[in-house]
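Hello,

Here is the structure we talked about handing over. Please open it first, then read on for what was found.

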Amino acid sequence: MHVLALALVVACLVLTWWQFDRAQGGNARSLGYAFQWPIFAIFTVGVWAWLCRDVIRTVRGTPARPTPAPAVGRVADEVVLPPLRVLRPEPAAADDPELAAYNRMLARLARTDDKK
């Protein structure tokens, strides 16, 4: 992890220098990238420090992130709920034959969707 973080920071700094060199040649868009790459390097250092802090806390025996108690009205994560069953209404009989054909088509599509 340390080597990857160092390689990413070095790559961001090299890309910053490259974009800044292109910006001096008249490429205005590269000036924006020249300011963007150092932000990526700072972000990489921040994520690296955060991960290192979590590892140090775990080694010391304290949890990296304490698990909060479930809020009132919420089910704990350990509880497994059955999957939801989607109820589809049966097509109603209609006097209009075109509407009845449309409802039969929708019912057929719903059955084929349930098979998938």
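A search of the whole structure turns up zero disulfides. A disulfide is a covalent bond between the sulfur atoms of two cysteines. Please keep in mind that this is a predicted model.

Are Cys 12 and Cys 52 buried or exposed? Cys 12 has a relative accessible area of 7%, so Cys 12 is buried. Cys 52 has a relative accessible area of 16%, so Cys 52 is buried. Cys 12 is among the buried residues of α1. Cys 52 is among the buried residues of α2.

**Overall layout**

The protein has three helices and zero strands. From the N terminus on, the order of elements is α-α-α. There are 116 residues, and buried ones make up 15% of them. The protein exposes about 10300 Å². Carbon and sulfur atoms supply 66% of that area. Now take the contacts between residues at least 6 apart in sequence: 42% of them join residues at least 24 apart.

**Helix α1**

Helix α1 covers residues 2–24. How far apart are its end C-alpha atoms? They are 33 Å apart. The 23 residues of α1 should span 33 Å at 1.5 Å a residue, so the two values agree.

The buried residues of α1 are Ala 5, Val 9, Cys 12, Thr 16, Gln 19 and Ala 23. They pack against α2, which covers residues 28–60. Just after α1 comes Gly 26, with a positive phi of about 110 degrees.

**Helix α2**

Helix α2 has 33 residues, which should span 48 Å at 1.5 Å a residue. Its end C-alpha atoms are 50 Å apart, which agrees.

Which residues of α2 are buried? They are Ser 30, Ala 34, Ala 41, Thr 44, Cys 52 and Asp 54. What covers them includes α1.

**Where the chain comes back on itself**

One is His 2, found in helix α1. His 2 and Trp 48 are 46 residues apart along the chain, and their C-alpha atoms are separated by 7.6 Å. What does His 2 touch, leaving out residues up to four places away in sequence? His 2 touches Trp 48 and Cys 52.

The other is Leu 4, also found in helix α1. Leu 4 and Thr 44 are 40 residues apart in sequence. In space they are 9.7 Å apart, C-alpha to C-alpha. Leu 4 has a relative accessible area of 56%, so Leu 4 is exposed. Thr 44 is one of the buried residues of α2.

**The salt bridge**

How many salt bridges does a search of the whole structure find? The search finds one. The side chains of Arg 53 and Asp 54 meet in a salt bridge, at 3.6 Å from N to O. Arg 53 has a relative accessible area of 38%, so Arg 53 is partly exposed. Asp 54 is at 8% relative accessibility, so Asp 54 counts as buried.

**A nonpolar patch**

Which residues form a nonpolar patch on the surface? They are Met 1, Val 45, Trp 48, Trp 50 and Leu 51. Together they have about 460 Å² of accessible area. Met 1 lies in the segment before α1. Met 1 is at 49% relative accessibility, so Met 1 counts as partly exposed. Trp 48, a member of the patch, is also touched by His 2.

**Where to look first**

Start with His 2 and its contacts, Trp 48 and Cys 52. Then turn to Arg 53 and Asp 54 for the salt bridge. Finish with the patch that includes Met 1 and Trp 50.

Best wishes

Key
Residues numbered from 1 in each chain as written. Predicted model: local features only at pLDDT ≥ 70, side-chain atom pairs only at ≥ 80, totals over all residues. Heavy atoms only, no water. Patch = residues over 30% accessible without salt bridge, like charges linked within 9 Å, V, L, I, M, F, W, Y side chains within 5 Å. Areas by Shrake-Rupley, 256 points an atom, 1.4 Å probe, with all protein chains shown as cover. Salt bridge = Lys/Arg side-chain N within 4 Å of Asp/Glu carboxyl O. Helix = DSSP H or I, 4+ residues; strand = E, 2+ residues; numbered from the N terminus. Buried < 20%, exposed > 50% of the residue type's maximum accessible area, 1.4 Å probe, protein only. Expected span 1.5 Å × (residues − 1). Contact = heavy atoms within 4.5 Å. Disulfide = S-S within 2.5 Å.
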